[in-house]
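The points are grouped by topic.

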Amino acid sequence: MSKSPSKINPLLDRIQNSILDTTLHRVARNTGWLLTAEVVATLFSAIQFPLVARILGVEGYGIVVLIIGWVGLMTGLLGIQTRKTIVKYFSLFVANESKSKALATVKLGIGLNIILATITCTLLFIAAPKLSIWMLDNPDGTLWFRLIILRDFFAATGGTTTSVLRVLDRFKWLSLFNTISSIATFALISIVLFSGWHVNGYLAILVLVSAGQAIILYIKCHRELYSQYNTNWWRAELHSLQDYNNEIKQMLLTLKLDSLRKIATDKADVVILGLFVDIHNVGLYKMAKQLSGYLSRLSNPIYAALYPEIVRLYHESGFQHLSHFIRQLTLWLVAGFGTSAIVITLLAKPFVPVVFGPEYAGALPILYIMMLMHVWLGLIWAPGLLLALGKARQLTAINLVSALILVILSFLLSPIWGATGATIALVANYWAWTTLILFYVSRIPDLRLWPRRAPSGIN
């Protein structure tokens, strides 16, 4: 009878446990920093959100979310997502102590962000008058469209600069930065709303905050890179990445397709709904989505801390520690998010009419259905895992299928059931994604999500 590996080599067992403990500790520490900032941001948002909705009213709030949704949809479709590519390759080159490649990766990411954002936002800026008439039946909305276009332009480099700082383990600084940003945003928005500037003032503050955040992140990123490498990253030669050109291009293209799901869930549903219902119902739908989205917001720092750790753990030891790590993590995620979803659902009925006003009570049935979408949160680690395994194309295929389900169902159900139909489409998207992800990751060789499962191959 053979002995277990731990009995044969107890020293190896202790080393493995130490690696897992160190990784879990680092994830917990980094998640703690980001979660602290996210909790602060959520608390201020919990005050700011009803304040904005109440002062602007359902109509004004509906106009704002429709403009933000439409501009975000266009900039998302025409822009590029660099976050995950930066994390993967910048982490790799930092670990390999390849200075030239690390700096070239940053230059590539920020350069692409600036070029594509300039082209996209210039075209949208010119088209703003026609967009105002088409979307709002009001030529006076041109200024509103242009303000949001400027906001998205300034935000273009934030993904790259933030990713660099995460790889450099500047989570504490990012936590402080996000906390101060939340407080400043709340203060400025409160001032303009109580001063009676309403939609104009609110959108102007969004531009100001976006510009300030982008500048500060850029300066911090620049200083950290200069401190570590003692040279200006703008001088890095992009040809140093020539051995990785095909990999990087493929990942950028794949993640561009992959981002269509996020664009669909964040923006497209609101835009499609706006084609079939009035501004009032758009406002109710967005209010419900914003309120239910607080649970998803709390998942952001968890994913932000998890992804670099999954990449690091896989590169260091392959599947040796990943399976146990993911099993432990999933249990905590399901318990935590499940309890939170129940609490939010129970508190919504007495909370919404009092805080937002009686006119928003019509959003409650929408909210109850929408809470079902959070089934995916137990698998928040899965995208990072698939990217670490080089399965970006498979992740993209899963995301595209679920996004397509959302878009098709939105067009089919919104004309019939209005906001309720759009909500059903949104929930179906997340359930489809969860089902497909579970099916795929459970069949990856050597990944033991469930003990004693016979492995089966997958391409």
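Gly-158 is buried, with a relative accessible area of 13%. This glycine belongs to helix α6, and its C-alpha atom is separated by 9.8 Å from that of Thr-82, 76 residues away along the chain. The model is a predicted one.

**Helix α6**

- Helix α6 spans residues 158–167 and is mostly covered, with nine of its ten residues buried.
- The buried residues are Gly-158, Gly-159, Thr-160, Thr-161, Thr-162, Ser-163, Val-164, Leu-165 and Val-167.
- These buried residues pack against four helices: α3 (83–95), α4 (99–136), α7 (171–194) and α8 (198–229).
- Just after α6, Asp-169 adopts a positive phi of about 65°.

**Aromatic pairs**

- Across the whole structure, a search finds 16 aromatic pairs.
- One of them joins Phe-49 and Phe-356, whose ring centres are 4.8 Å apart; the planes meet at 65°, so the pair is edge-to-face, given that angles over 60 degrees fall in that class.
- This pair links distant parts of the chain, with Phe-49 in helix α2 (residues 10–78) and Phe-356 in helix α11 (residues 322–356), 307 residues apart.
- Both partners are covered: Phe-49 is buried with a relative accessible area of 5%, and Phe-356 is buried at 1%.
- Trp-376 and Tyr-430 form another pair, with ring centres 6.0 Å apart and planes at 25°, so the pair is stacked; the limit for stacking is under 30 degrees.

**A charge over a ring**

- The charged end of Arg-146 sits over the ring of Phe-125, at 4.6 Å from the ring centre.

**Cysteines**

- A search of the whole structure finds zero disulfides.
- Cys-121 is buried, with a relative accessibility of 8%.
- Cys-221 is buried as well, with a relative accessible area of 1%.

**Cavities**

- The structure holds two cavities of 30 Å³ or more.
- The second largest cavity has a volume of about 60 Å³.
- Its lining is made up of Thr-82, Thr-85, Ile-86, Thr-105, Leu-108, Gly-109, Leu-112, Ile-248 and Leu-252.
- The elements that give two or more residues to this lining are α3, α4 and α9 (245–276).
- Helix α4 contributes the most to the lining of the second largest cavity, with four residues.
- Thr-82, one of these lining residues, is also the residue whose C-alpha atom is separated by 9.8 Å from that of Gly-158.

**Largest pocket**

- The largest pocket contains about 320 Å³ of space.
- It is lined by 13 residues, and those closest to its centre are Leu-291, Tyr-294, Ile-344, Leu-347 and Phe-351.
- Helices α2, α10 (279–317) and α11 each supply at least two residues of this lining.
- Helix α11 gives the most to the lining of the largest pocket, with six residues.

**Leu-253**

- Leu-253 is found in helix α9, which is among the helices that line the second largest cavity.
- With a relative accessible area of 56%, Leu-253 is exposed; the threshold for this class is over 50%.
- Leu-253 and Ile-80 are 173 residues apart in sequence, but their C-alpha atoms are 8.6 Å apart in space.

Methods
Residues are numbered from 1 along each chain as its sequence is written. This is a predicted model: local features need pLDDT of at least 70, side-chain atom pairs count only at pLDDT 80 or more; totals for chains, interfaces and linings use all residues. Side-chain values use heavy atoms; hydrogens and water are left out. Rings of Phe, Tyr and Trp (its six-membered ring) pair if their centres lie within 6.5 Å; planes under 30 degrees apart count as stacked, over 60 as edge-to-face and the rest as tilted. Buried means under 20% relative accessible area, exposed over 50%, partly exposed in between (1.4 Å probe, protein chains only). A charge sits over a ring if NZ of Lys or CZ of Arg is within 6 Å of the ring centre and within 35 degrees of the ring normal. Contact means heavy atoms within 4.5 Å. A disulfide is a pair of cysteine sulfur atoms within 2.5 Å. On a 1 Å grid over the protein atoms alone, a cavity is a set of points where a 1.4 Å probe fits but cannot get out, and a pocket is an open set with protein on both sides within 12 Å along at least five of seven lines; lining residues have an atom within 4 Å of a point. Grid points are joined across faces, edges and corners, and a volume is the space filled by probe spheres set on the points.
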